[in-house]
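Open the model in your viewer and keep the selection panel at hand. The tour moves from one selection to the next.

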Amino acid sequence: MKISRRDFLKSSAVASLALGANPLFAKDESVKSIPHASNLGAFYADVKDGKIVKIRPQISDKDPKFPGNEAWIDRVYSDTRIKYPCVRKSFLEGKNAPELRGKEEFVRVSWDEALKLVLGKLKSVKPEQIYNGSYSGWGHPGLLHNCGAVAGRFFNNVIGGAVGTDGEYSNGAAGKVNTTIMGDLEVYSLQTSHEVILENTKVYVMWGADLFKCNQIDYKIANRGDNEYFKKYEKSNIKFITIDPQYTPIAKRFKADWIKIRPNTDVAMMLGMCHYLYTSGQYDKGFIEKYTYGFDKFLPYLLGKTEDKVAKTPAWASKISGVDEAVIKALADTFVKNRTFLAGNWAMQRAQHGEQADWMLIVLAAMIGQIGLPGGGFGFSMHYSGGAQAFSGATLPGGLAQGKNSVDINIPASRISEAILNPGKTIKFKGAEMTYPEIKVLYMTGATLLGHHPNTNELIKALRTLDTIVVHEPWWTPMAKMADIVLPATTPLERDDISYGGSYSQDYVYAMKKVIEPLFEARNDYDIFADMAKMSGEKEYRRFTQGKEKIDIIKGFYEKSDCVNVMSFDEFWEKGFVHFAPPAQAYKFVRHAAFRADPVANKLATETGKIQIFSDKFASFGLDDFKGHPMWFEPAEWLGNEKETAKYPLHVLSPHPKLRIHSQLDNSFVRKAYKVANREPVLINDEDAKNYGIKDGDVVEISNDRGAILCGAVVSKDIMKGVISVEEGAWYDPENIDDEKPRCNAGHINILTSSRPTSKMAQATSVNTCLATIKKVEVAPYQGIKAPKVKGA
Ligand SMILES: Nc1nc2c(c(=O)[nH]1)N[C@H]1C(S)=C(S)[C@@H](COP(=O)(O)OP(=O)(O)OC[C@H]3O[C@@H](n4cnc5c(=O)[nH]c(N)nc54)[C@H](O)[C@@H]3O)O[C@H]1N2
Ligand SMILES: Nc1nc2c(c(=O)[nH]1)N[C@H]1C(S)=C(S)[C@@H](COP(=O)(O)OP(=O)(O)OC[C@H]3O[C@@H](n4cnc5c(=O)[nH]c(N)nc54)[C@H](O)[C@@H]3O)O[C@H]1N2
Ligand SMILES: [Mo]
């Protein structure tokens, strides 16, 4: 089934109109409306004769124009569905030939044969030789079928554990720093509410925070409630400023002043502002004394009285960041004289030395002195999953218990390729050391290493050394194609589940009812693991299922929550949702207000109970690339590195996709809305385009030492000179599979990104530290990715 862009526009207009109608009474008697929900929002799926014919948004979806939900029809019935369990030919024949991964044909096998093969492989190695890469949770927001949770439950209860991931790709660097600085991760915590911002904030700084794009989806169930507030922001008197190499559509909507900053140089700019605030005597001395620790140890560095003898003046910062000295000073003046909110992003810390970004922004906010005041201070989740929405406070349904993992080895999220290629190697990590295990089996469910991990060619090299790769997937993703054993998973619409949303408001609990029967031979991840538990023995099976049916587990989650006080499970299951209206005071929430009101009674969970401008713990790590206070470190690849830019003059950013969830939806009609010549678009500045002889719509090759990709050019004034941007998540599609580093026809950005860690402290991903070059090319038309041929199917 294929839906055109025009059909989609038509149907979503109808969908918006239908929003108020009672969805349980579809006009056509033969059509059943079944409630379901996903990261893309809550909806009713209309089913006729066992087929989904329409997706209609639920009442909680405040802006159902986002095309993702409509695309469920397309995705469920996609040609790229994996229909049967499959095994790579040589692997099935017992020859393995790992170098043929991703090149060889697959053979259809029975479920029984496939699962025996998987279990046999898992049992032939030690648990510490299995890497469970079911990272992230973006596979499925359901509380029962959450891919990471079911995989963890299986490995911990049946296999004796597995190697996991430490940290993540989202906030790998900040996540290792903020708890020590603020006593809280900050990036996943409830933010100062929209209402408080609207009432109090005079200056709103989007410090790389893409408030609109990133809030259109949710880690749980999206409600797009922020969009209602953005209409009010638009009409307010708030002065918006965006500090970003790109002028985002929301910045444009808010008529924000655009500060074009060289990628990866924000810390220098912040230091320049701090120097100016200090030397001009404008910083809030009282705040620093009362609420922070270690300013005196940071000051010599700021003033150039340490070894480097460099004062971090606005002039110094200007040279690095490309932002005018006068602008740096004017911004500092504006921030300190007005109620100013600094909304940080996560892309800044997804760069080499990303540890410094949030820390330095916190120090700047501390010197401004508005932390904990209504509409002032900083926030690191204004752009994510409705971070500034009012919190209901309800007790929600819980999730699937995973049990204890007896393998105490977790590989830092940026280090997977290195770990596979260097078993036994010891690295520094979080102030201690860790040694890589010898990984033999890679197991992936609900995540895609071949999508999210940097330096794809290095990763593929690593993958081709493993003994076994098992992937559960609904679709023939590039990761599935690289596997030995591929198990067809159901899409969420083919099974029952329960979840809640938004992640921060927590005001709706949703029934995610099975909409249609599983297609082909697809099975639920839960059932796949349950079957292997059964094959292992009665005891293992009981440990995995705890003697419960799936619907009873869902009911159990429901019954332990506040939902039961609203309606019975049966009523909920019929209606589709429970709503908890947030209390009035939730709309007045001010982050850090309690700490500001009483820093003794409400001290932070830090070394000193205060904000750590300096941390003795961090200083004691004795690292050369991460110290006791935030600092500017020059990245290996950036526009200020003349040697590097001679060869690769453009800084490549890989932000999150507007119309996808990472790689998800790249096999749906949604791609028609953004692909250029069927390839991932690259945003390029108009002057750069002219200099390179590139026109809008041209096919271009972007390359560096790590590889090359083909993209479609989008020439624009909304990206600064010297920077190009390709959204992460295009499905990798090698042009000539036998090349050592095949060019990617689809424009998968991680071909170009580096797996270099942020530092020896967090060892996090640094994908936004990347230089490359670009040229126009003449190539054959590209049709997009296809499912592989399967023998016997
Ligand atoms: N260059 C670059 N790379 C990045 C980033 C970046 O900014 N730049 N960002 C990073 C970040 S922050 C993140 S969070 C990661 C995201 O990385 P991932 O979490 O790997 O991203 P997704 O593409 O959402 O992968 C989810 C996979 O689960 C599959 N799936 C969906 N439903 C089911 C199901 O029910 N069962 C099973 N078995 N599978 C299912 C989908 O088809 C998809 O392949 O990417 C990281 N990579
Ligand atoms: N629609 C959609 N929303 C999403 C996701 C998705 O896949 N699709 N993924 C979700 C996930 S898992 C995550 S982790 C978050 C990601 O949240 P973020 O990491 O904050 O989002 P990005 O899109 O990577 O980048 C946001 C902005 O940062 C800018 N930027 C890049 N480098 C720099 C820099 O050095 N300095 C400054 N000042 N700005 C810079 C980019 O130009 C971009 O406009 O988004 C979430 N929201
Ligand atoms: Mo993420």
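This is a predicted model: local features need pLDDT of at least 70, side-chain atom pairs count only at pLDDT 80 or more; totals for chains, interfaces and linings use all residues.

Now show the residues around ligand 1. There are 33 of them, and Ser136, His452, Glu473, Ser663 and Asn750 come nearest. Colour this shell by residue class: 11 are nonpolar, 17 polar and five charged.

Next, pick out the nitrogen atoms of ligand 1. Which polar side-chain atom lies 2.7 Å from one of these nitrogen atoms? Select Asp525 to see that atom. Ser654 also places a polar side-chain atom by a nitrogen atom of ligand 1, at 2.9 Å. With His472, look at the backbone instead: an N or O atom there lies 3.0 Å from a ligand 1 nitrogen. On its own, ligand 1 has 920 Å² of accessible area, and the protein covers 99% of it.

Move to ligand 2. Its shell draws at least three residues from each of domain 3 (191-390 + 589-619) and domain 4 (642-784). Of the 31 residues around ligand 2, select the nearest: Lys213, Asp244, Asp266, Arg350 and Arg660. By class, the shell of ligand 2 splits into 16 nonpolar, nine polar and six charged residues.

Asn345 has a polar side-chain atom 2.9 Å from an oxygen atom of ligand 2. At Pro657, a backbone N or O atom lies 2.9 Å from a nitrogen atom of ligand 2. At His662, a polar backbone atom is 3.0 Å from a ligand 2 oxygen. How much of ligand 2 does the protein bury? The protein buries 99% of the 920 Å² that ligand 2 exposes when taken alone.

S25 pairs in the parallel sense with strand S27 (residues 707-716), over five bridges. Zoom in on Val682, which stands opposite Ala713 in S27. Then find strand S28 (residues 723-725): S28 runs antiparallel to S25, and two bridges join them. Here Leu683 has Ser725 of S28 as its bridge partner.

Last stop: Lys741, in the loop between S28 and strand S29 (771-776). Is Lys741 buried, exposed or partly exposed? Its relative accessible area is 39%, so Lys741 counts as partly exposed. Lys741 and Asp705 are 36 residues apart in sequence, with their C-alpha atoms 9.9 Å apart in space.

Key: Residues are numbered from 1 along each chain as its sequence is written. Chains are lettered from A and ligands numbered from 1 in the order in which they are written. Side-chain values use heavy atoms; hydrogens and water are left out. A residue is near a molecule or strand if one of its heavy atoms lies within 4 Å of it. A polar contact is a pair of N or O atoms within 3.5 Å; within protein, one must be able to donate a hydrogen and the other to accept it, and residues adjacent in sequence count only if both atoms are side-chain atoms. Accessible areas come from the Shrake-Rupley method with a 1.4 Å probe; for residues, only the protein chains shown count as cover. Ala, Val, Leu, Ile, Met, Phe, Trp, Tyr, Cys and Pro count as nonpolar, Asp, Glu, Lys and Arg as charged, and the others, Gly among them, as polar. Domain bounds come from an automatic or database domain assignment. Two strands pair if DSSP finds at least two bridges between them. Helices (H or I, at least four residues) and strands (E, at least two) are DSSP runs, numbered from the N terminus. Buried means under 20% relative accessible area, exposed over 50%, partly exposed in between (1.4 Å probe, protein chains only).
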